[in-house]
Amino acid sequence: IVSYLVLGNYFFNGLNFFMGNLIMFHDFLLIICYFVLFFILSLMLSMVVFSGSYFNNLGNVVLEVVWTVIPSLILLGLVEPSLTLLYISEAFSFNNGQVLKVVGHQWYWSYNSDLINSVVQDSTDYDSYLITSDLVSGDFRLLEVDLPLVVLANVPLYFFVSSSDVIHSFALPSLGLKVDAFPGRLNVGVSGGVSVGCYWGQCSEICGANHAFMPIGMEALIYF
Amino acid sequence: PITGKLTAPPYDPRFPNMNKTRMCWQNFVDYHRCVNKFGEEHKPCAWFQWVYKKICPNEWHERWQERVDDDAFAGRLK
């Protein structure tokens with residue numbers, strides 16, 4: 001699954017390699033679920049609709065072997081993409097790429113990128129708040145932020161996430177990323193290169209009154 | 001436009017898991033131990049400083065630096 005995905009372009013919405021493959025695996029898995037569901041439902045329906053006796057044969061060793069082996073073969077077929085995805089999710093060498101520090105606060109995020117010099121404060125940290133008023137038509141209501149996390153496209157991204165007060169969670173669903181932010185702990189989440197565009201996420205761990213109002217906006221650019 | 005190569009701290013096998021708190025702390029401590037032992041001009045010490053400045057949240061290393069300056073840091077820096 002992973003190898004043939006590289007040939008096609010399943011990366012609509014500028015997902016990264018990992019999330020594209022995850023979506024394909026999910027679709028594949030769902031088709032298997034539909035087949036199983038359809039088969040079982042048809043058996044059940046046939047028992048309801050058609051009259052007849054089903055008590056002729058009260059033991060059938062062959063049948064029992066078949067209905068053990070076939071599901072195990074299905075599961076064996078699912079092992080390969082599942083384990084491959086598990087291992088490629090962390091397959092980054094950490095040697096080149098962009099390092100981004102993310103700190104969660106109540107109720108905003110602050111970012112620190114080695115490529116940005118903050119003009120707002122003395123340090124290179126900048127805070128990112130939800131925009132509540134002055135939204136222009138076409139903006140996303142609870143997702144627009146004043147200062148998004150600006151990132152270089154097409155390079156590996158390493159998010160070092162922590163929190164300054166309570167537990168938050170840095171989530172970018174387009175990238176298949178959810179990194180919890182604990183006070184006193186530094187978690188790392190990696191992503192392969194993303195294409196140019198805007199990515200949204202929301203805080204994914206309940207953190208107080210405005211937990212729903214601290215979105216994550218990320219812009220991937222190729223030109224600074 | 002950005003020119004040059006972007007570098008990230010390489011994989012440190014002492015800290016293989018997702019929790020890099022200790023990596024941040026260890027590089028900070030190693031930088032100060034290196035500087036105490038070899039002096040501030042010793043170039044290799046700058047490696048540790050580069051790593052901890054890259055990965056540690058600013059609040060953390062700034063707060064620790066204040067404590068080091070006040071001689072109140074809770075790690076062995078000698």
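Is A:Tyr129 buried, partly exposed or exposed? I looked it up: A:Tyr129 is partly exposed, with a relative accessible area of 38%. For the classes I used these cut-offs: buried is under 20% relative accessible area, exposed is over 50%, and partly exposed lies in between (1.4 Å probe, protein chains only).

**Ground rules.** This is a predicted model, where local features need pLDDT of at least 70, side-chain atom pairs count only at pLDDT 80 or more, and totals for chains, interfaces and linings use all residues. Residues are numbered from 1 along each chain as its sequence is written, chains are lettered from A and ligands numbered from 1 in the order in which they are written, and side-chain values use heavy atoms, with hydrogens and water left out.

**Aromatic pairs.** I found 14 aromatic pairs over all chains. Rings of Phe, Tyr and Trp (its six-membered ring) pair if their centres lie within 6.5 Å; planes under 30 degrees apart count as stacked, over 60 as edge-to-face and the rest as tilted.

I took A:Phe94 with A:Tyr158 to start. Their rings are stacked, at 4.4 Å centre to centre and 20° between the planes. A:Phe94 sits in the loop between helix 3 (61–88) and strand 1 (98–105) of chain A, and A:Tyr158 in strand 5 (residues 157–163) of chain A, so the pair ties together parts that are 64 residues apart in sequence. Helices (H or I, at least four residues) and strands (E, at least two) are DSSP runs, numbered from the N terminus. A:Phe94 is buried at 10% relative accessibility. A:Tyr158 is buried too, at 1%.

Next I checked A:Tyr108 and A:Tyr129. Their ring centres are 4.5 Å apart with planes at 20°, so this pair is stacked. A:Tyr108 belongs to strand 2 (residues 108–113) of chain A and A:Tyr129 to the loop between strand 3 (125–128) and strand 4 (149–152) of chain A, so the pair ties together parts 21 residues apart in sequence. A:Tyr108 is buried, with a relative accessible area of 16%.

**Nonpolar patch, chain A.** I looked for the element that gives the most. Helix 2 of chain A does, with 7 residues. The patch covers about 980 Å², and its residues include A:Val36, A:Phe39, A:Met44 and A:Ile70. Helix 2 (17–49) and helix 3 of chain A are the elements that give two or more residues. A:Ile70 is in helix 3 of chain A and is partly exposed at 47% relative accessibility.

**A:Asn95.** This residue is in the loop between helix 3 and strand 1 of chain A. A:Asn95 is partly exposed at 42% relative accessibility. Its C-alpha atom is separated by 27 Å from that of A:Ile23, 72 residues apart along the chain.

**Chain B.** I counted 3 helices and 0 strands. The pattern along the sequence is α-α-α. The C-alpha atoms fill a box of roughly 40 × 30 × 25 Å along the principal axes. Of the 78 residues, 42% are buried.

How values were computed. Patches are made of residues with over 30% relative accessible area and no salt bridge: like charges are joined within 9 Å, nonpolar side chains (Val, Leu, Ile, Met, Phe, Trp, Tyr) within 5 Å. Accessible areas come from the Shrake-Rupley method with a 1.4 Å probe; for residues, only the protein chains shown count as cover. A salt bridge is a side-chain nitrogen of Lys or Arg within 4 Å of a carboxyl oxygen of Asp or Glu.
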